[in-house]
Amino acid sequence: MLWYPYTQMKHANRLPKMVAGHGVMMELEDGRKLIDGISSWWSVIHGYNHPVLNTALAEQAGKFAHVMLGGLTHEPALQLAEALVRITPAGLNHVFFSDSGSIGVEVALKTAIQYWKNLGYQGKTKIVSLKNGYHGDTFKAMEVSDDSDFSHAFADVLHRDFIVEIPEGGFDAPADLVQPAIDQLEHLLISNSENIAAFIVEPIVQCAGGFHIYSPLYLRAARELCNKYNVLLIFDEVATGFGRTGKLFAAEHAGVTPDIMVVGKALTAGYMGHAATLSTDAVYHSFLGESYEKALMHGPTFMANALTCTVALKSIELFEQEDYLSKIKQINTIINQEFDTINSPFIADKRSIGAIGVIEFKDAAMLNGFKAFAMDKGVWLRPIGNVLYLMPPYIIQADELKSIINVMQKWVDQST
């Protein structure tokens, strides 16, 4: 029997089976067609069955599908590394590939901790992260995530270090609302910087942890504080990268470059798992030496898989050639317009940024039964806790997007 994620299998019913997809539409075995409102966990940015991506994948498969990167290299890997250096914030000049966002985060954390050891520092091994943050399901990724349903089963073996508050007030928060969180971070660094290797954040938006949106002012301050107190800054852009927040990367909202950045999910347009961990020259050069002791000892079997690199390259090309940032701006305009009409005393907050729309309910119980309701209306949405959100493919048309939000509206209306 297939074991499904985040599921109590004792109570698992027979799941709907997808048999085909085209554009934003998912076709199920029972004949139903659903508009995908969450891009298959935020990755399928070009929709399903894209002919350009399919062709690129088939052409590479006709050459070779995979070869180990240990002791060998290949052109798709070299080209993708070059493309990522070109499009990410200036200064991220070195790329290490892996096969999932969680592993990309593991690589980032290992890199940060070994960086200080390579430079001769002792004891700089602890990590600072944000409240409500989520960085993946592997062990070190769980340790730098806030405690939640994703990790509570392992609470007795996880060794979390420091967790600080995100600033209040959302994206446009005035400086006085952001300052208390900045002060908390600085006080922590003043007292503990000799033991802290890095500060890891999901820039601008915390996705799986509740879709909290915060000010770029905080990221600018974090960059300055990390420089001041000799701590590396890591941006986890697995969910926020490739346009989801309205910029190609969320770091651009703040105009800062982290020391290490992780990308995944939309990197390969949802075709297959892959991630990349990028580093600055200073970080990379600390690993250069005459012995293995300074080398980064990590190497997933499928890192830089030729098929994944090929489809990622073509995905970036599509993004740039078809001006996806303009598409995302239009998506955001429609989300805001449609959300203005959704009101209920049961709603705690409505917020949006880029191609993300969020309705937060006062009680998670308010969303019981929503998934089945949406499917009956021809829409695929999957709430997280008390949050109903949409993160559609960027190719979605206005009428399709409005159909998704209309289903959200109907649910609110029937619940009020």
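Colleague: At what angle do the axes of helix α3 (residues 75–87) and α10 cross?

Modeller: An axis is a line fitted to C-alpha atoms, over the stretch in contact for helices, and the angle between N-to-C directions runs from 0 to 180 degrees. Helices (H or I, at least four residues) and strands (E, at least two) are DSSP runs, numbered from the N terminus. Here α3 and α10 cross at roughly 35 degrees, and their axes come within 8 Å. The model is predicted, so to speak of local features takes pLDDT of at least 70 and side-chain atom pairs count only at pLDDT 80 or more, while totals for chains, interfaces and linings use all residues. Residues are numbered from 1 along each chain as its sequence is written, and side-chain values use heavy atoms, with hydrogens and water left out.

Colleague: Is the crossing of α3 with α10 left-handed or right-handed?

Modeller: A crossing is left-handed if the near helix is turned anticlockwise from the far one by less than a right angle, and right-handed if clockwise. The crossing of α3 with α10 is left-handed. Nonpolar covers Ala, Val, Leu, Ile, Met, Phe, Trp, Tyr, Cys and Pro, charged covers Asp, Glu, Lys and Arg, and the others, Gly among them, are polar.

Colleague: How do α2 and α10 pack?

Modeller: Helix α2 (residues 51–61) packs on helix α10 (residues 306–321) at about 150 degrees, with the axes 9 Å apart. That angle makes α2 roughly antiparallel to α10; the label is for angles over 145 degrees, with under 35 roughly parallel, 65 to 115 roughly perpendicular and the rest oblique. The crossing of α2 with α10 is right-handed. Leu-53, Ala-56 and Leu-57 are among the α2 residues in the contact, and Leu-307, Val-311 and Leu-318 are among those of α10. The classes in this contact are nine nonpolar, three polar and one charged.

Colleague: What is the volume of the second largest pocket?

Modeller: On a 1 Å grid over the protein atoms alone, a pocket is an open set of points with protein on both sides within 12 Å along at least five of seven lines, a cavity is a set where a 1.4 Å probe fits but cannot get out, and lining residues have an atom within 4 Å of a point. Points are joined across faces, edges and corners, and a volume is the space filled by probe spheres set on them. The second largest pocket has about 370 Å³. Of its 13 lining residues, His-94, Phe-96, Tyr-284, Phe-287 and Leu-296 are the closest to the centre. β4 gives the most to this lining, with three residues. The lining has nine nonpolar, four polar and no charged residues.

Colleague: How many cavities of 30 Å³ or more does the structure hold?

Modeller: The structure holds one. The largest cavity contains about 40 Å³ of space. β5 (126–130), α5 (139–143) and β6 (162–164) each supply at least two of its lining residues. The lining, which includes Lys-140, Glu-143, Arg-160 and Asp-161, divides into four nonpolar, two polar and four charged residues.

Definitions and conventions. Contact means heavy atoms within 4.5 Å.
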